[in-house]
Amino acid sequence: MKNTEIMEGENGANMEVEMEGKTFLSDAFDYKGAPAEKAKTGGWVSAATILGIEMCERFTTMGIATNLVTYLDDTMNQPSATSSTIVSNFSGVAFLTCLLGGFIADSFLGRYWTIAIFAFVEALGAGVLAISATVPGLRPPPCNPSQAVNCVKANMLQMGIFYIGLWTLGMGLAGVKSSVSALATDQFDHNDKKEKTKMDYFFNRFYLVISIGTILAVTVLVYIQDEVSRGVGYGICAAAMITADIIYLSRSRKYRYKKRSGSPLSQVVQVIAAAIKKRKLEFPSDVSLLYEDSSPESRVHRTNHFRWLDKAAVISDGDFGKEGSATPNPWKLCTVTKVEELKMMIRILPIWATTIMFWCVHAQMITFSVQQAASMDRSIGKFQVPPASFNVFFIGGIMITLALYDRLIMKRSGGSKGLTNLQKIGVGLAISIIAMAAAAGMEQKRLKVIRSYKKTPTTTLPLTAFVLVPQFAIVGIAEAFIYSGSLAFFIGQAPKGMKAISNSLFLTTIAFGYFVTTILVNLIKKITPGKDGIPWLASKINDSRLDYFYAVISVLGLINFGVYLVCAKRYKPNSSHGSAKDSDDVNASHDEERARNAKI
């Protein structure tokens with residue numbers, strides 16, 4: 001090959017190839033599958049086009065989810081607690097299935113096609129919701145507020161069509177969100193300092209850009225839904241996703257693509273399966289005899305934790321298949337590095353579990369807090385602020401906090417000082433407790449106005465909804481710390497071989513937070529009916545004791561915060577390489593285990 005020069009990247013890996021005056025990347029490919037030409041692929045424009053998909057996804061999801069509880073209350077005539085449960089379950093399942101979306105992208109479709117297909121799926125879901133909200137037969141008859149007790153709830157067919165649209169939307173969200181940031185990262189060469197700087201600059205503004213989509217959703221889109229029609233609002237969401245998808249597809253020749261490397265989830269299951277199959281085998285006399293074929297640069301030394309998983313690296317008959325194959329069956333034999341990477345993920349789990357409670361707090365901002373706002377005076381002069389638009393104060397709290405933190409702490413210290421990721425998480429959890437305590441106090445004030453009536457009011461309360469601004473803003477401040485701290489913690493502490501699922505692991509905390517909300521709502525409905533038979537979370541928000549519910553969340557948050565402090569204090573950061581002492585400890589522990597087995 002003439003005029004060819006190979007340039008080495010990290011660890012001596014060949015990343016760039018100079019040929020006839022052009023630079024090609026050996027670890028990235030163009031749409032034809034050939035090495036990507038550096039000057040003609042990737043970069044800012046390609047990453048921004050991909051980011052457009054994420055902005056429209058956030059616009060669609062937040063525009064529908066934040067205002068969904070009022071649609072279920074006022075149009076589908078569902079009880080207040082039921083509406084909250086539906087929204088929480090939708091959000092939880094959507095974020096949890098991001099794991100499935102990542103698995104599909106890594107193992108089958110690749111990131112590019114996963115985004116392209118699931119963006120269309122999300123548009124399809126929004127389209128079905130638009131039809132459900134537009135066709136009269138797919139909604140129950142309107143309910144007169146003065147006769148709210150006699151409202152006819154949506155029947156099975158009407159709710160069935162609604163659920164089809166909602167869960168299709170959730171599937172699309174999962175596919176897009178699981179792959180969009182990773183594909184955008186692929187557009188920059190990590191081994192090129194200039195492109196690495198561009199990537200850092202780009203992702204520093206990633207959250208700001210998608211927040212623009214969120215703000216448009218909770219202001220303009222929510223207003224259209226409330227004042228024009230739900231069908232038009234949901235139709236705009238479908239059109240936005242289709243438009244973004246078309247623009248995304250139009251630049252297919254300009255993207256950089258990476259080969260599918262398989263899902264790290266498969267590695268997790270393989271290690272556990274191999275360890276279970278070999279649970280009765282004895283360890284070798286020296287743990288250096290455990291199987292390892294990883295390169296020295298990527299090798300992780302064994303540690304004295306979760307020793308039962310080490311059985312997955314014990315070599316036995318039949319591990320290498322027939323005819324003397326040099327490659328073992330990964331379901332029977334795993335390398336020590338793969339075993340240790342799983343151990344590293346397990347050590348993260350206590351921190352992961354203690355961040356779930358915050359997302360239970362977060363769930364209240366798009367469910368009961370919106371219902372509170374709907375019952376109160378939302379007027380500014382002659383203009384009526386839509387209930388879901390109060391989430392703009394939540395988004396504002398996030399953006400202002402991030403800007404102040406960047407200006408007052410990071411820039412003054414030159415980026416070298418500031419809160420650690422664990423400290424950020426702790427601050428966010430503490431602030432969320434304060435937020436729920438404040439929300440409980442504000443709800444008591446709202447209930448005091450309700451008690452001034454002889455009967456439960458069915459019209460707007462003579463109390464401004466802007467007294468709810470603190471609870472929205474404080475939760476936003478808490479999320480600024482939790483979101484940035486948690487995401488950086490999971491990405492930073494995940495082993496190199498499992499970086500791909502670190503983002504999905506973070507998203508599962510959001511999912512389980514919504515599921516905890518559903519469990520709490522259902523549990524409180526069952527155990528709290530008093531002598532009058534009305535539970536704390538009644539069919540109508542004005543008959544409920546939402547202050548008690550918020551107080552329960554605040555107390556649970558306080559208990560969770562105490563557990564978090566213990567876990568954070570005991571947590572030892574993961575290291576890519578162990579020490580010789582670790583190996584000695586493992587040898588000793590396995591000798592002890594063999595001695596116990598001999599006695600038995």
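**Close-up views of a predicted model**

**View 1. Ile559, an exposed residue of helix α17.** With a relative accessibility of 54%, Ile559 counts as exposed, because exposed means over 50%. The model shown here and in the other views is predicted. Ile559 belongs to helix α17, which covers residues 546–570. Between Ile559 and Thr354 the C-alpha to C-alpha distance is 10.0 Å, although these two residues are 205 residues apart in sequence.

**View 2. The packing of helices α9 and α10.** Helix α9 (residues 264–277) packs with helix α10 (residues 336–354) at an angle of about 105 degrees. The axes of the two helices are 10 Å apart. An angle of 65 to 115 degrees counts as roughly perpendicular, so α9 is roughly perpendicular to α10. On the α9 side, the contact is made by Gln267, Val268, Gln270, Val271 and Ile272. Lys338, Val339, Glu341 and Leu342 make the contact on the α10 side. Of the residues in this contact, 5 are nonpolar, 2 are polar and 2 are charged.

**View 3. Phe306 in the loop between α9 and α10.** Phe306 is found in the loop between α9 and α10. Its phi is near 45 degrees, a positive value in a residue other than glycine. At 33% relative accessibility, Phe306 counts as partly exposed.

**View 4. Asn77 in the loop between α2 and α3.** The loop that holds Asn77 lies between α2 (68–74) and α3 (80–96). Asn77 is not a glycine, yet it has a positive phi of about 55 degrees. Asn77 counts as buried because its relative accessibility is 7%, and buried means under 20%.

**View 5. The hairpin of strands β3 and β4.** Strand β3 (residues 22–29) pairs with strand β4 (residues 35–37) in the antiparallel sense, over 3 bridges. Leu25 stands opposite Ala36 of β4. The two strands, β3 and β4, form a hairpin with 5 residues between them. In the turn, Gly33 has a positive phi of about 90 degrees.

**View 6. Strand β8 and its pairing with β5.** Strand β8 (residues 461–464) has a covered face, made up of Leu461 and Leu463. Pro462 and Thr464 make up the uncovered face of β8. Strand β5 (residues 376–377) pairs with β8 in the parallel sense, over 2 bridges. Asp377 has Thr464 of β8 as its bridge partner.

**View 7. Helix α1, a mostly covered helix.** Helix α1 (residues 44–65) has 22 residues. From its first C-alpha to its last, α1 reaches 31 Å, close to the 32 Å expected at 1.5 Å a residue. In α1, 17 of the 22 residues are buried, and the helix is mostly covered.

Notes
Residues numbered from 1 in each chain as written. Predicted model: local features only at pLDDT ≥ 70, side-chain atom pairs only at ≥ 80, totals over all residues. Heavy atoms only, no water. Pairing = 2+ DSSP bridges. Helix = DSSP H or I, 4+ residues; strand = E, 2+ residues; numbered from the N terminus. Buried < 20%, exposed > 50% of the residue type's maximum accessible area, 1.4 Å probe, protein only. Axes fitted to C-alpha atoms, helices over the stretch in contact; angles between N-to-C directions. Parallel < 35°, antiparallel > 145°, perpendicular 65-115°, else oblique. Contact = heavy atoms within 4.5 Å. Nonpolar A, V, L, I, M, F, W, Y, C, P; charged D, E, K, R; others polar. Expected span 1.5 Å × (residues − 1).
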